[in-house]
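Here are my notes on the model you sent. Please read them with the structure open.

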Amino acid sequence: MGREKHPAWTVYDKLRTARLNVKYYSRRLQWIERKNFAIELILAVTAPSSAVAGLWFWDTLYGKLAWQYLGIIAAAAAVFKPLLGLPKRIKEYESVLSGYRMLEYDLMEIKCLIEQRQKYDSGLQSEFKRTLQREKSLVGKTPENPRKQARKKDVRA
């Protein structure tokens, strides 16, 4: 049996895929958290009771214009924030990311046991099958829409 045909390579391939999913979902979560932080910052800075609102700069001609533009941006952010549903999406991505991290750990453990035992025996194969069942539930929980899934597949190719 050639090296590429050995069943242990399935474990290594799944481990690589799990690692890539951890990186992918980490980036997506980071991006959504940054968007949420930016909106929260805009709303906090432009609140009438904030310390920024009382700065002397806003009494100048350019300051008044800048404050008006910031007010427009803040109004738009306040309207769009609930529509974006960022806190819900953050929770979804955290859940999926956590699942892929656990999957990665489980696959890493199987890989280490294969290396220690120098064989891929039936016990490890059954553990791998249980890991595949956990992966199946993760794939169904993905917070991505189909368009982003297609982009993810394009990146893998």
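This is a predicted model: local features need pLDDT of at least 70, side-chain atom pairs count only at pLDDT 80 or more; totals for chains, interfaces and linings use all residues.

1. The secondary structure is quick to list. The protein chain has five helices and zero strands. Along the sequence, the pattern reads α-α-α-α-α. Of the 157 residues in the protein chain, 25% are buried.

2. Look next at helix 1 and helix 3. Helix 1 covers residues 8-45, and helix 3 covers residues 86-117. They pack at an angle of about 155 degrees, and their axes are 8 Å apart. Angles over 145 degrees count as roughly antiparallel, so helix 1 is roughly antiparallel to helix 3. The crossing of helix 1 with helix 3 is left-handed.

3. What classes of residue make up the contact of helix 1 with helix 3? There are 22 nonpolar residues, three polar and 10 charged.

4. The largest nonpolar core holds 24 residues. Helix 1, helix 3 and helix 4 (122-140) are the elements that give two or more residues to this core. Helix 3 supplies the largest share, with 10 residues. Which residues have the most contacts inside the core? They are Tyr100, Ile114 and Tyr120.

5. Turn to Phe80. Phe80 sits in helix 2, which spans residues 61-84. Is Phe80 buried, partly exposed or exposed? Its relative accessibility is 48%, so Phe80 counts as partly exposed. The cut-off for exposed is over 50%. Phe80 and Ile39 are 41 residues apart in sequence. In space, their C-alpha to C-alpha distance is 9.4 Å.

6. Where is Gln118 placed? Gln118 is in the loop between helix 3 and helix 4. Its phi is near 60 degrees, a positive value in a residue other than glycine. Gln118 has 67% relative accessibility and therefore counts as exposed.

7. One is helix 1 against helix 3, with axes 8 Å apart. Another is the largest nonpolar core, where Tyr100 is among the residues with the most contacts.

Definitions and conventions. Residues are numbered from 1 along each chain as its sequence is written. Side-chain values use heavy atoms; hydrogens and water are left out. Axes are lines fitted to C-alpha atoms, for helices over the stretch in contact, and angles run from 0 to 180 degrees between N-to-C directions. Helices (H or I, at least four residues) and strands (E, at least two) are DSSP runs, numbered from the N terminus. Angles under 35 degrees count as roughly parallel, over 145 as roughly antiparallel, 65 to 115 as roughly perpendicular and the rest as oblique. A crossing is left-handed if the near helix is turned anticlockwise from the far one by less than a right angle, and right-handed if clockwise. Ala, Val, Leu, Ile, Met, Phe, Trp, Tyr, Cys and Pro count as nonpolar, Asp, Glu, Lys and Arg as charged, and the others, Gly among them, as polar. A nonpolar core is a set of buried Ala, Val, Leu, Ile, Met, Phe, Trp, Tyr and Cys residues joined through side-chain atoms within 4.5 Å. Buried means under 20% relative accessible area, exposed over 50%, partly exposed in between (1.4 Å probe, protein chains only).
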